[in-house]
Amino acid sequence: MNMRTALIEAFVAGDSQVAASFIATDATFNSPVRSYRGVDRIEPLWAAIDGILTEIRLVGLLDGSGETAGFFEGQIGGEAIDGVLRVKGGEDSPADDVTLMLRPYGPMKAAIAEMGRRLNS
């Protein structure tokens, strides 16, 4: 298993600390709201996601040269969601770019509001 796949599996499992250990210190995380740079800013965001995205299960994985995309299903507030976590980087080196995409908009909007509440408290 390469580091990109390990990151996706840790993220889907809700283990933000392990997931963050697979990103470069100056990595970029592109969330549905904005982009963040640096592991010190990314890891707390991923920790805040824990419990917002629930019942997550990986349903597909595409692995290419320099990038891997993990497709997952889960719930936000009891509503079904689909998501993609796209990870760019070398196979044996920390990821330098991670993008999270979620749909549909309604549950994603609720997740954004809850993230804001958690990060501002």
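**Note on a predicted model: helices, a pocket and some backbone angles**

1. Serine 16 is buried, at a relative accessible area of 12%. Buried means under 20% relative accessible area, exposed means over 50%, and partly exposed lies in between (1.4 Å probe, protein chains only). This is a predicted model, in which local features need pLDDT of at least 70, side-chain atom pairs count only at pLDDT 80 or more, and totals for chains, interfaces and linings use all residues. Residues are numbered from 1 along each chain as its sequence is written, and side-chain values use heavy atoms, with hydrogens and water left out.

2. Where does serine 16 sit? Its place is in helix α2, residues 16-20. Helices (H or I, at least four residues) and strands (E, at least two) are DSSP runs, numbered from the N terminus. Beyond its neighbours within four places in sequence, serine 16 is in contact with Glu43, Trp46 and Ala47. Contact means heavy atoms within 4.5 Å. The C-alpha atoms of serine 16 and leucine 45 are separated by 8.7 Å, with the two residues 29 residues apart along the chain.

3. Glycine 14 is in the loop between α1 (3-12) and α2. Glycine 14 is partly exposed, with a relative accessible area of 33%. Its C-alpha atom and that of leucine 53 are separated by 8.5 Å, although the residues are 39 residues apart along the chain.

4. Helix α3 has Ile42, Leu45, Trp46, Ala48 and Ile49 as its buried residues. Seen down the axis of α3, they fall within an arc of 155 degrees, so they line one face of the helix. The arc is that of the directions from the helix axis to the C-beta atoms. Just after α3, glycine 51 takes a positive phi of about 95 degrees.

5. Now α4, residues 105-120. At 1.5 Å a residue, its 16 residues should span 22 Å, and the end C-alpha atoms are 22 Å apart, which agrees. The expected span is 1.5 Å times one less than the number of residues.

6. Which residues of α4 are buried? They include Pro107, Met108, Ala111 and Met115. Down the axis of α4, the buried residues fall within an arc of 95 degrees, so they line one face of the helix. An α-helix has 3.6 residues a turn, so residues three or four places apart point the same way. On the other side of α4, Tyr105, Ala113 and Asn120 are exposed. The buried residues of α4 pack against α3 (39-49), β4 (67-76), β5 (79-88) and β6 (95-103).

7. The largest pocket holds about 300 Å³ of space. Among its 18 lining residues, the closest to its centre are Ser31, Val33, Ala111, Ile112 and Met115. α4 gives the most to the lining, with seven residues. On a 1 Å grid over the protein atoms alone, a pocket is an open set of points where a 1.4 Å probe fits, with protein on both sides within 12 Å along at least five of seven lines; lining residues have an atom within 4 Å of a point. Grid points are joined across faces, edges and corners, and a volume is the space filled by probe spheres set on the points.

8. Check two backbone spots. The peptide bond from arginine 103 to proline 104 is cis, with omega near 0 degrees. Proline 104 lies in the loop between β6 and α4. Glutamate 55, in strand β3 (residues 53-64), has a positive phi near 50 degrees. Glutamate 55 counts as exposed, at 59% relative accessibility. Most residues other than glycine have a negative phi, and most peptide bonds are trans.
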